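I opened this structure to look up a few things for my notebook, and I write them down in the order in which I looked.

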Amino acid sequence: MKKIIDIFNDEKDDKETILTGFRQLDRLTQGFRKSDLVYIGARPGIGKITFAINLAANITMAGKKCAFFSLELSAEGIEKRFLRINSDMKIYIDDNPAPTVSEIKKKVKDLKDIDCVVIDYLGLIKPEIKEADRTREVYDISKELKRMAKELEISVICITQLPRYEGKPKLSDSRECAFIERDADVALFLHRDDFTLNNIADVDSNITELIIAKNNYGDTGIIKLNFDYEKNVSKN
């Protein structure tokens with residue numbers, strides 16, 4: 001199923017940089033570039049989808065053309081979350097549950113003049129060729145995402161679920177993160193010290209750390225984000 005919320009603007013912004021609307025993130029990365037592969041990783045329930053929706057909303061409201069591929073949630077559910085942020089949101093949403101990278105690439109080509117693609121999430125992308133080893137499949141999918149970003153000259157932002165870890169997430173935590181370290185131009189991890197996986201009510205505050213674990217264009221570091229879970233809004 002595909003759903004289009006309003007039509008895209010006719011004029012295309014020729015600037016190569018895609019600003020995220022998060023000031024500290026933009027300061028450290030100078031924004032995302034066309035051909036960038038960006039990963040957003042976290043354990044379940046910490047706010048990956050909320051952050052990604054806000055990221056896509058900010059990019060769209062700044063005049064860029066963004067496509068959101070929701071492989072888990074319905075287009076209607078994603079649409080409602082976008083419209084809570086801005087009732088005039090103009091963004092393409094596709095909720096095909098298990099596309100291959102080549103299928104995503106074809107849809108982006110058909111849309112024309114897309115600047116940025118957000119995918120939720122890596123683990124639900126179907127491999128082009130079935131492998132016995134799922135890790136090998138993920139490696140291949142990640143490589144194809146990077147190739148798609150380069151070929152189409154767009155920023156590809158992909159959510160990925162991180163394994164359990166002690167302390168703050170790092171690229172070196174496990175072999176499951178090796179594809180991020182290899183392929184990503186920018187790797188962002190979300191983390192909460194006071195978060196328990198079984199009960200979100202145990203969280204003492206709305207502060208979530210955005211860890212810039214990899215940045216090909218500048219410094220790494222940690223940014224404090226304020227999450228409003230009821231309104232699905234994150235800001236710094």
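Before anything else I noted how elements are named: helices (H or I, at least four residues) and strands (E, at least two) are DSSP runs, numbered from the N terminus. With that in hand, I found Tyr139 in helix α5.

I also noted that this is a predicted model, in which local features need pLDDT of at least 70 and side-chain atom pairs count only at pLDDT 80 or more, while totals for chains, interfaces and linings use all residues. Residues are numbered from 1 along each chain as its sequence is written, and side-chain values use heavy atoms, with hydrogens and water left out.

**Entry 1: the whole chain**

I looked up the elements and found 6 helices and 12 strands in the protein. For burial I used these limits: buried means under 20% relative accessible area, exposed means over 50%, and partly exposed lies in between (1.4 Å probe, protein chains only). Of the 236 residues of the protein, 49% count as buried. A contact means heavy atoms within 4.5 Å, and among the contacts with a separation of 6 or more, 69% are accounted for by residues 24 or more positions apart.

**Entry 2: aromatic rings**

How many aromatic pairs does the structure hold? I found 5 aromatic pairs, using the rule that rings of Phe, Tyr and Trp (its six-membered ring) pair if their centres lie within 6.5 Å, with planes under 30 degrees apart counted as stacked, over 60 as edge-to-face and the rest as tilted.

One of them is the tilted pair of Phe22 and Phe51, with 5.1 Å from centre to centre and 45° between the planes. Phe22 lies in the loop between β2 (17-18) and α1 (23-29), and Phe51 lies in helix α2 (residues 48-61), so this pair ties together parts that are 29 residues apart in sequence. I checked the burial of both residues, and Phe22 and Phe51 are buried.

I then turned to Phe68 and Phe82, whose ring centres are 5.5 Å apart and whose planes stand at 85°, so the pair is edge-to-face. This pair links distant parts of the chain, with Phe68 in strand β5 (residues 66-70) and Phe82 in helix α3 (residues 75-85), 14 residues apart. Phe68 counts as buried because its relative accessibility is 0%, and Phe82 counts as buried because its relative accessibility is 0%.

Ring pairs also link Tyr39, Tyr139 and Phe179 into a cluster. I came back to Tyr139 here and noted that this residue is buried, with a relative accessible area of 19%. Tyr139 and Cys177 are 38 residues apart in sequence, yet 9.8 Å apart in space, C-alpha to C-alpha.

**Entry 3: two helices side by side**

I read that two packed helices are described by the angle between their axes and the distance between the axes. Here the axes are lines fitted to C-alpha atoms, for helices over the stretch in contact, and angles run from 0 to 180 degrees between N-to-C directions.

Which angle do the axes of α4 and α5 make where they cross? The axes of helix α4 (residues 101-111) and helix α5 (residues 134-152) cross at roughly 20° and come within 10 Å. Angles under 35 degrees count as roughly parallel, over 145 as roughly antiparallel, 65 to 115 as roughly perpendicular and the rest as oblique; α4 and α5 are therefore roughly parallel to each other. The residues that make the contact include Val101, Ile104 and Val108 of α4 and Ile141, Leu145 and Met148 of α5.

**Entry 4: loops**

I looked up Glu128 in the loop between β7 and α5 and found that this residue is partly exposed, with a relative accessible area of 43%. Not counting residues up to four places away in sequence, Glu128 touches Thr100, Val101 and Ser102. Glu128 and Val101 are 7.5 Å apart in space, C-alpha to C-alpha, and 27 residues apart in sequence.

Tyr121 lies in the loop between β7 (116-120) and α5, and a cis peptide bond, with omega about 0°, joins Asp120 and Tyr121.

Last, I noted Lys112 in the loop between α4 and β7, where its phi is near 70°, a positive value in a residue other than glycine. Lys112 is exposed, with a relative accessible area of 56%.
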